[in-house]
Amino acid sequence: MQLLKNEKIINIIEKTLNHMDPRLVDHGKRVAYLMFKILEKQHKHNEQQLRDICILAMLHDIGAYKTEEIDKMVIFETTNVWEHSAYGYLFLKYFSPLKELAEVILYHHADCNEASCLKSDHQLLAQLMSMCDRADIFLKYKKNANDFCEYLQKYRGIRYFGYIVDMFLASGIDVSIVNNEMDSDAVFNKVLYNIPLTEDEVNGYIRMIIFSIDFRSSQTVLHTVTTACAAVFLARLLGAGENEIKNIETGAMLHDIGKIGIPLHILESRDKLSESDMEIMKTHVVISEKILDGNVDEIIKHLAVRHHEKLNGTGYPKKLNAGDISLYDRIIAVADIFSALCGVRSYKGEFPKEKIIGILNDMSGLLDTHIVSLTIKHYDEIHNAAEQESIPVINNYNAINNEFRSLTGDSIIDRR
């Protein structure tokens, strides 16, 4: 994938997750800022470590999206939040560059007794995250910073370790003015947006964003992986250079990012979508464009948002004609259809090869005829390559589901 600047990755994360629920992202960023200001005074973390902690804090409630606990996150006294903590922990452990810190998320609502099993640095971060989380929510409802200090003293040694309460209080931070200071704090914004990420970390965060859309179902997760694999395979057959292939792979991986803004009952419907629901589903491309605009090259953006356009102008969202649709746009359009037909979905099983080939032939004219012909000619090779590419994802998904069950007594699959 193409290497993007830090600020672009963070912007994409923020804009994508805002389509889940802006309350979680805005709250997460304020928690990140509070943690940063407290830890900065300790002088025990370098800039890279502070950056990772800030990103972790921004994402600390990501598990609430899939466990339908979002409304519980924005009240002060939370109960029964283990499930979203477990989900967020597993998601970050298996699908993000923050694997080593993921345990902090699992315990960010734990009391002293529960958190005592953690090593000292994770214990500090988990408890500090919990305090900053409650401070932000407390002020939203209670409006009084002094009352929060009394709350911390009340739960000293019960919910929070005394040394971490002292650290929070000794920081002297006025939590009531976070919103006024956060966006203008040059040091915080430098750490969050401008401390360099490695290429592997950039790629890891892109994959994390993609998997945030459909982590609950291995079936839909595999669609993105298969689409990207098929697109790269076809691009090589058509003689694309390595830079073009990187762009195509990135565009294909991002092609459904806008589905983050589509309601789950539509994404996971077991029946044919109604006309009104289909219109909502179609807006995922518009959402993708809004998320990616200004954060990726125009070429990559076009590759990601034109896969539903048709050569005769009947596609969406812009009803482009053949002359407006590039060769590489056409590759991803065919790869997307191929992947959808091969894949198992909530409403369908995998179609047999003969049926897939028949559907692709029927779509010649809507899709690029030459690319369709190449897909059919190399069907088995593309299918096998996609299956191989999917194996690590399936293994990760099964491991997540097993670990989720052991942590909660429940199954992610059963909860769909």
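**Exercise 1.** In which hand of crossing, left-handed or right-handed, does α16 pass α21?

*Solution.* The model is predicted: local features need pLDDT of at least 70, side-chain atom pairs count only at pLDDT 80 or more, and totals for chains, interfaces and linings use all residues. Residues are numbered from 1 along each chain as its sequence is written, and side-chain values use heavy atoms, with hydrogens and water left out.

Step 1. Locate the helices (DSSP runs of H or I, at least four residues, numbered from the N terminus). Helix α16 covers residues 242-253 and helix α21 covers residues 327-342.

Step 2. Take the axes (lines fitted to C-alpha atoms over the stretch in contact, with angles from 0 to 180 degrees between N-to-C directions). The axes of α16 and α21 are 10 Å apart, at an angle of about 45°. That makes α16 oblique to α21 (under 35 degrees is roughly parallel, over 145 roughly antiparallel, 65 to 115 roughly perpendicular, the rest oblique).

Step 3. Assign the hand (right-handed if the near helix is turned clockwise from the far one by less than a right angle, left-handed if anticlockwise). α16 passes α21 in a right-handed crossing.

**Exercise 2.** List residues of α16 and α21 that meet, and class them.

*Solution.* Step 1. Apply the contact criterion (heavy atoms within 4.5 Å). From α16, Glu244, Ile248, Gly251 and Ala252 meet Tyr328, Ile331 and Ile332 of α21.

Step 1. Sort by class (Ala, Val, Leu, Ile, Met, Phe, Trp, Tyr, Cys and Pro nonpolar; Asp, Glu, Lys and Arg charged; the others, Gly among them, polar). This contact of α16 with α21 has five nonpolar, one polar and one charged residues.

**Exercise 3.** Describe how α2 packs on α13.

*Solution.* Step 1. Helix α2 (residues 22-40) and helix α13 (residues 186-194) have axes that come within 11 Å and cross at roughly 110°. α2 is therefore roughly perpendicular to α13.

Step 1. The crossing of α2 past α13 is right-handed.

Step 2. Lys29, Ala32, Tyr33, Phe36 and Glu40 of α2 meet α13 at Val187, Phe188, Val191, Leu192 and Tyr193.

**Exercise 4.** What lines the largest cavity?

*Solution.* Step 1. Search for cavities (sets of points on a 1 Å grid over the protein atoms alone where a 1.4 Å probe fits but cannot get out; lining residues have an atom within 4 Å of a point). The whole structure holds three cavities of 30 Å³ or more.

Step 1. The largest cavity contains about 80 Å³ of space (volume is the space filled by probe spheres set on the points, which are joined across faces, edges and corners).

Step 2. Its lining consists of Leu17, Met20, Asp21, Leu24, Val25, Met58, Leu59, Asp61 and Ile62, divided into seven nonpolar, no polar and two charged.

Definitions and conventions: Helices (H or I, at least four residues) and strands (E, at least two) are DSSP runs, numbered from the N terminus. On a 1 Å grid over the protein atoms alone, a cavity is a set of points where a 1.4 Å probe fits but cannot get out, and a pocket is an open set with protein on both sides within 12 Å along at least five of seven lines; lining residues have an atom within 4 Å of a point.
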